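Please open the structure in your viewer and keep the sequence panel beside it.

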Amino acid sequence: MNRTTLSLIAVATALAAVTGVAALTAPDGTAPVATQLPTRLPVERAGLLCPVPSTSEVAETAYTSYTPASTNKGTGQTAGQTAGQPGEQKAAKAELKPATAAALPGEDGSSDDKSKKPKAPKAPATVTQAGTPVTAEADGPDAPALIGTASGALAPGWTVQQTTVVAAGGARGLLGVSCTAPDTDFWFPAASTAKNRQDYVHLTNPDDSAAVADIELYGPDGVLKSQVTEGIPVPAHSSVPVLLPTLTTDPAQQDVTVHVTTRSGRVGAVVGVADEKAGSDWLPASADPAGTAVLPGIPADATSVRLVAYAPGDADADLKVQLVTPTGTIVPAGADILHVKSGMTAALDLPDLTRGEPGSLLLTPTDPKKATPVVAALRVARGKGDKQEVAFIPATAAIEGRATVADNRAKGATLVLTAPAASAEVRITASAGSGGGTPVTKTVTVKGGTTLSMDAPVPDGLKGSYAITVERLSGGPVHASRTLALPQDGIPMFTVQPLVDDRGTVQVPKARQDLTVLDD
């Protein structure tokens, strides 16, 4: 008989680095091998999906692709090292490719497949080195959705930012979005089917097989009657935009919560909003339903703030509304409680909320023993009248380790950090510029119950755009966002991107024993 010994450590490491999950079971079906979780290793593969930037003839889009070079906590490895057997080198690249444009069957009165290969713009150059962003531009309405993959050393923390300026027309505004990872479940409070809004859900499928998605809409009185009963097909490597009012026969609703799920496959999802009076921007997905929510980064000069929340479970939610300011946490006058009925969308205007100070909204249960999960988002406006500009701030999960946002400029980038509970120590790194510059790092302390708003640090000798990486070093939870302001013709154009933990590492089980397989 030949004895073949399988290294469970190697198997577990590979499985965990690729998928984040490793199950170890003996070949005879007996109990799993006892494991422990002593360390974390970098992921080896990541995927991101960018929606179609705009249909405007005057749209100007910038893409920025970046992988941070910081050391992964708990491993001592830099972004240039990956999990695997000792001495093993993994090929590393991060690239974006155009998705196929697809329309819904019968969208123009026919049932023919409308998929077509788009005109490919100059996509961002493939990232080949961590620590330096690469950029590209695409003008006009022909820029397609993009499907991105990163592998090896460039997968941990990889991020892509899509920034579009539309100077005129019904979709005018500054539209910014951090391209999203594929998933099967998304919540979008603060959408709308109102006549003054054109809200599209953009669904992008990165995989080799078709996906089928369901989109449910919830208004102030509950679920809206759907016209789609068989799901929405999203062909392989394709992107489908879905106009929200076409999904329902119910009257127009100002405040709608959108729930996207998949029956099969995975998609990236984001809502594009165009308001005929207040400009346009992207509405990112809210953090997963939770009893407490933090919505970071309300500008000091906000002229209008509207909170939209939804309770997806069977119980109603009573939420205490607070503003976390640079000096402490306060309760807005006349807007301290929001009651959210189960299965219904609730909204609350927050007039004169900031009073000249930046802040973040904190939602907590009025009764800590009844922490009903909710999703939430803010519609925020700057300026007034025809000089008004809108952006959206979703509930954002705390940064567990590290988060990055790309495409920051020499001027106009503001970083907001909120510690709703205990104080936290945070390291901020400004990368090298896309055209040159030296990285800059600083460490700050965010006092518990306060918001720290600061001009984003700028690399020395900056040329081009750069990325900002935020790492929580110690202390309580930290929630963060970046505001990019690019005013044009008296319009305070701005966009807010939440900083979401990059999940660039995974816990790797370490087997306490090897498993021996006997071969005849």
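A disulfide here is a pair of cysteine sulfur atoms within 2.5 Å. This is a predicted model, in which local features need pLDDT of at least 70 and side-chain atom pairs count only at pLDDT 80 or more, while totals for chains, interfaces and linings use all residues. Residues are numbered from 1 along each chain as its sequence is written, and side-chain values use heavy atoms, with hydrogens and water left out.

**First stop: the disulfide**

Select Cys50 and Cys179, which form a disulfide with their sulfur atoms 2.1 Å apart; a search of the whole structure finds one such link. The angle about the S-S bond is 110°, and the link of Cys50 and Cys179 is right-handed. Cys50 belongs to strand β3 (residues 45–50), whereas Cys179 sits in the loop between β10 (173–178) and β11 (185–191), so the pair ties together parts that are 129 residues apart in sequence. Strands are DSSP runs (E, at least two residues), numbered from the N terminus. Both Cys50 and Cys179 are buried, a word that means under 20% relative accessible area with a 1.4 Å probe, protein chains only.

**Second stop: strand β11**

Now select β11, where six of the seven residues are buried, so the strand is largely enclosed by the rest of the structure. Five bridges join β11 to strand β17 (residues 256–264), and the two run antiparallel; strands count as paired if DSSP finds at least two bridges between them. Which residue of β17 stands opposite Trp187? That residue is His259.

Move to Ala59, which is found in strand β4 (residues 59–66) and counts as buried because its relative accessibility is 2%. Counting contacts as heavy atoms within 4.5 Å, and leaving out residues up to four places away in sequence, Ala59 touches Ser54, Ala138, Asp139, Gly140, Thr164, Val165 and Val166. Show the C-alpha atoms of Ala59 and Gly140 as well: they are separated by 4.9 Å, although the two residues are 81 residues apart along the chain.

**Last stop: a sheet of four strands**

Finally, select the four strands that form an open sheet in the order β29-β36-β31-β33, with antiparallel pairing. The edge strands are β29 (402–408) and β33 (440–446), each of which pairs on one side only. Within this sheet, seven bridges join β31 (residues 424–430) to β33, and the bridge partner of Ile428 in β33 is Lys442.

Methods: Buried < 20%, exposed > 50% of the residue type's maximum accessible area, 1.4 Å probe, protein only.
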